[in-house]
Amino acid sequence: MAIGGAAPAVGIGYRAAIDRWTRESLHCFDALEITVDHCLASSRTLRSAIFDLVGRIPLTAHGVGLSLGTDAPLDLAYLDRVAGVVERLRAPAYSEHLAFTRVPGRETAALLPLPKTEEVAESIIAKVRTVQSRVPVPFLLENITYVFEWPDSKMSDAEFLNLICQETGAGLLLDVENVYLNATNHGFDPYAFIDALRPGLVKEVHMAGGVTIRDESLAKPLLADSHSHPVPDAALDLLEYTLARQTPSVIILERDDRLEAGDEILDDVARIRARVAAAQSKDTHGEALVGAAG
Ligand SMILES: [Fe+2]
């Protein structure tokens, strides 16, 4: 199944640590997501391993190094290098986080949230337009998970995303796990978040599973986005709900820890595929009922 078929392609994020296993299991996936930064900064061996996948399986491109939310001009040389990698991967889209990872002069080593205000949205809109002018494939923004909210935020997550995407034409890489985590940690309705997204906005999806942190210093247990464990059923429920409303072209399972548990990864892929099938059968059944009634 290619990216952009009738049903979403299902695959995983490529990780060098399981390169051999991934190649041996390639028939289990419809697509792989490549982190473009791994093609920029890594060893020649890793770059060769990644580019060797071109033509074997559809690849999509994801970035972690842009730091859209930093209050400074974008690094245009970085963007041009990203554009070269995206072209070489033959990726149909390029995604980045709606977040900042650095302040001028310092890397934070974390994805940090932005204040959701009109002023910040305007700044991001201008930067997204710059990205779109330099990287010649559709640009997608990804919603992040966060442990704190800026007190001056005026918009909901969905309002902020809708505004930026509407003004720029950018799509959304919806991280369903992040919606589930944020909703649980911050006490909002994840289904209302999905309902609030404009139809057609979601172009790609991320799924993952994390751990629950229990600590005396926390008011309640905190769900962490550790990409280390099976996808929780509650996140799969939210995925199925999303698929009844949006038509992403690819769903990527993100796994960054306990990578040796290949059976768990394949099981998660199967569980995601089962939810895709369930959403499609409901859709077909719904259409049949409408047809019969009409
Ligand atoms: Fe993600």
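**View 1. Packing of helix α4 in the predicted model.** The buried residues of α4 pack against β2 (31–35), α2 (36–41), β3 (59–62) and β4 (94–97); helices (H or I, at least four residues) and strands (E, at least two) are DSSP runs numbered from the N terminus. This is a predicted model, in which local features need pLDDT of at least 70, side-chain atom pairs count only at pLDDT 80 or more, and totals for chains, interfaces and linings use all residues. Residues are numbered from 1 along each chain as its sequence is written. The buried residues of α4 are Val-82, Val-85, Val-86 and Leu-89, where buried denotes 20 or more other C-beta atoms within 10 Å of a residue's own, exposed 12 or fewer, and partly exposed anything in between, with C-beta atoms placed from the backbone. On the other side of α4, Leu-76, Ala-77 and Asp-80 are exposed.

**View 2. Strand β8 and its neighbours.** Five of the five residues of β8 (residues 171–175) are buried, so this strand is largely enclosed by the rest of the structure. Gly-171, Leu-173 and Asp-175 lie on one side, and Leu-172 and Leu-174 on the other. Strand β7 (residues 139–142) runs parallel to β8 and is joined to it by three bridges, pairing being assigned if DSSP finds at least two bridges between two strands; Leu-140 has Gly-171 of β8 as its bridge partner. Four bridges join β8 to the parallel strand β9 (residues 202–207), in which Glu-204 stands opposite Leu-173.

**View 3. Confidence along the chain.** The protein chain averages a pLDDT of 90, and 94% of the residues score at least 70, pLDDT being the predictor's confidence in each residue, from 0 to 100.

Terms used:
Two residues are in contact if their C-beta atoms, placed from the backbone, lie within 7 Å.
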